[in-house]
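Hi,

Here is the structure I promised to pass on. Have a look at it first, and my notes follow below.

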Amino acid sequence: MPELPEIEALAQFLRDHAVGAVVGRVDVAALSAVKTFDPPVTALSGRDVTGAGRWGKFLGMDCGGLWLITHLSRGGWLRWVDEPNPLPPKPGGKSPLALRVHFFTPEGATPAIDLTEAGTKKRLAVYVVEDPKMVPGIARLGPDALGLTEDEFAALLKSTSQRIKTAIVDQTLIAGIGNAYSDEILHTAKISPFANTRTMSAETVAQLYTAMRTVLLDAVDRSVGQDAARLKGEKRSGMRVHARTGQPCPVCGDTVREVSYAERSFQYCATCQTGGKVLADRRMSRLLK
């Protein structure tokens, strides 16, 4: 799933490539992806693209005061197409394409952006709104992870009592962090995913805050300026424990381990994060004694 660094990079990509263009035809290939109907997506046509923004893991493009907002969910992505097919796609087909927005640039080019979604579980969402806060998911977001001071961060953690892994991916508490970067942040901070937010010491919270900013800012620096097609590879290349089950930890050499639950899993290093104790790999996992 694209998280804060990738969405920030995609927003900058749109600022660099789409701002200044005029929206042409908008093709809807997956009707279920469009979550709003008034105004319709066709209302975007003929409008100037004037900006792009990010709210947590939501991406938006400002089309002259009318916003096209998307949440890419787990399998979604944005592609820039220099020479799109001029024929409208067939709705309901097997293609991963969900939505295509055509442009007319000042240079006379006619590129497009494609919103695509891989896999069978279709969760990509598209909204056309006058104000981004009209999107329910944006209205519920907590403060942005990179906008928090250390004191604000500490207060948020103390306001809840849950596992830190659960807390920092809760978008209503802190916006922008997902499964992948939470693994990296906790590994960098040397904190167990099962540490309780309310009982963490002030020193541990300070370590976590520093790690959060370090990991996210480093990922943003590596991502912004990359071509949209290369962002996924850039994300994978920067991971130390996430999606590296069975591989050696780059810090201590211990084997990276995994805990699986429901439809998700997370990775961690027992030596770096849990004092050598291995977390039981079951839904109600506890430290093995």
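A quick definition to start: rings of Phe, Tyr and Trp (its six-membered ring) pair if their centres lie within 6.5 Å, with planes under 30 degrees apart called stacked, over 60 edge-to-face and the rest tilted. With that in hand, ring pairs link Phe13, Trp80 and Phe103 into a cluster. The whole structure holds 6 aromatic pairs.

Before going on, note that this is a predicted model, where local features need pLDDT of at least 70 and side-chain atom pairs count only at pLDDT 80 or more, while totals for chains, interfaces and linings use all residues. Residues are numbered from 1 along each chain as its sequence is written, and side-chain values use heavy atoms, leaving out hydrogens and water.

Back to the rings. Phe194 and Phe266 sit with centres 5.9 Å apart and planes at 85°, so they are edge-to-face. Phe194 is in the loop between α5 and α6 and Phe266 in strand β10 (residues 264-268), so this pair ties together parts 72 residues apart in sequence. (Helices, H or I of at least four residues, and strands, E of at least two, are DSSP runs numbered from the N terminus.) Phe266 also forms a tilted pair with Tyr268, at 6.3 Å centre to centre and 55° between the planes. Phe266 has 2% relative accessibility, so it counts as buried (under 20% relative accessible area; exposed is over 50%, partly exposed in between, with a 1.4 Å probe and protein chains only). Tyr268, at 0%, is buried as well.

Cheers
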